[in-house]
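Thanks for coming. Please look at the model first.

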Amino acid sequence: MAKLSVFNFVTLDGYYKDVNNKTDWHKHGGEEEGKFSAESAQSGSMLIFGRVTYDMMAGFWPSPMAHEMFPAVADGMNKSEKIVFSKKMKKADWSNTKVVNGNIVEEMKKLKKSSKTDLTILGSGSIVAQFAEVGLIDTYMFMVDPIAIGSGTSIFKGMKRQLNLKLISSRAFKSGAVLNTYEPHK
């Protein structure tokens with residue numbers, strides 16, 4: 001069975017979006033984070049998005065600017081197989097993307113059983129909360145930026161149960177960002 005992971009940037013005070021639904025508080029760190037991103041983009045994992053994050057990613061990664069700024073990451077993002085969960089979208093224009101409508105929890109259960117590769121949710125807080133609520137996420141990776149923004153949207157907004165996690169690794173970057181990786185407590 002494929003593993004489902006989530007990777008997201010969060011602030012010190014636990015938000016993944018600010019009050020205006022922006023993520024421009026996240027500063028793409030230095031060379032060290034760039035190398036980490038390039039390596040991660042080549043992992044072969046199927047990428048999972050909600051529609052809002054998909055629109056943002058699809059608007060940037062296929063662009064000439066993305067290839068110029070982050071060539072290895074752009075290459076990996078564009079080559080990767082992608083799923084976008086959306087009730088409204090009928091087709092996706094970004095290469096290697098499939099739109100999935102319907103009950104996302106049931107669809108993710110099917111994907112985990114049938115996928116030959118692991119699955120990684122990028123951003124997409126609303127689907128993270130839904131999948132966390134029912135215990136579908138195997139690994140949580142949060143890049144904690146050294147910034148507090150006071151208010152915004154929690155990555156777990158809408159969860160109705162407590163989620164207990166166990167820290168399995170932590171990596172500090174020279175920029176001050178820290179990548180914490182967690183698994184659910186069994």
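Is Lys-109 buried, partly exposed or exposed? Lys-109 is partly exposed, at a relative accessible area of 35%. Buried here means under 20% relative accessible area, exposed means over 50%, and partly exposed lies in between, with a 1.4 Å probe and protein chains only.

Some background. This is a predicted model, in which local features need pLDDT of at least 70 and side-chain atom pairs count only at pLDDT 80 or more, while totals for chains, interfaces and linings use all residues. Residues are numbered from 1 along each chain as its sequence is written, and side-chain values use heavy atoms, leaving out hydrogens and water.

A salt bridge is a side-chain nitrogen of Lys or Arg within 4 Å of a carboxyl oxygen of Asp or Glu. By that rule there are six salt bridges. I will show some of them.

Lys-109 pairs with Glu-106, N to O 3.5 Å. Both lie in helix H5, residues 104-114, three residues apart, or about one turn. Helices are DSSP runs of H or I, at least four residues, and strands are runs of E, at least two, numbered from the N terminus. Glu-106 is partly exposed too, at 38%.

Next, Asp-55 and Arg-51 form a salt bridge at 2.7 Å, N to O. They sit four residues apart in helix H2, residues 51-60, so about one helical turn separates them. Asp-55 is partly exposed at 39%, and Arg-51 is partly exposed at 31%.

Last, Asp-138 meets Lys-112 at 2.9 Å, N to O. This pair links distant parts of the chain, 26 residues apart: Asp-138 is in the loop between helix H6 (125-133) and strand S7 (139-144), and Lys-112 is in helix H5. Lys-112 counts as buried, at 6% relative accessibility.
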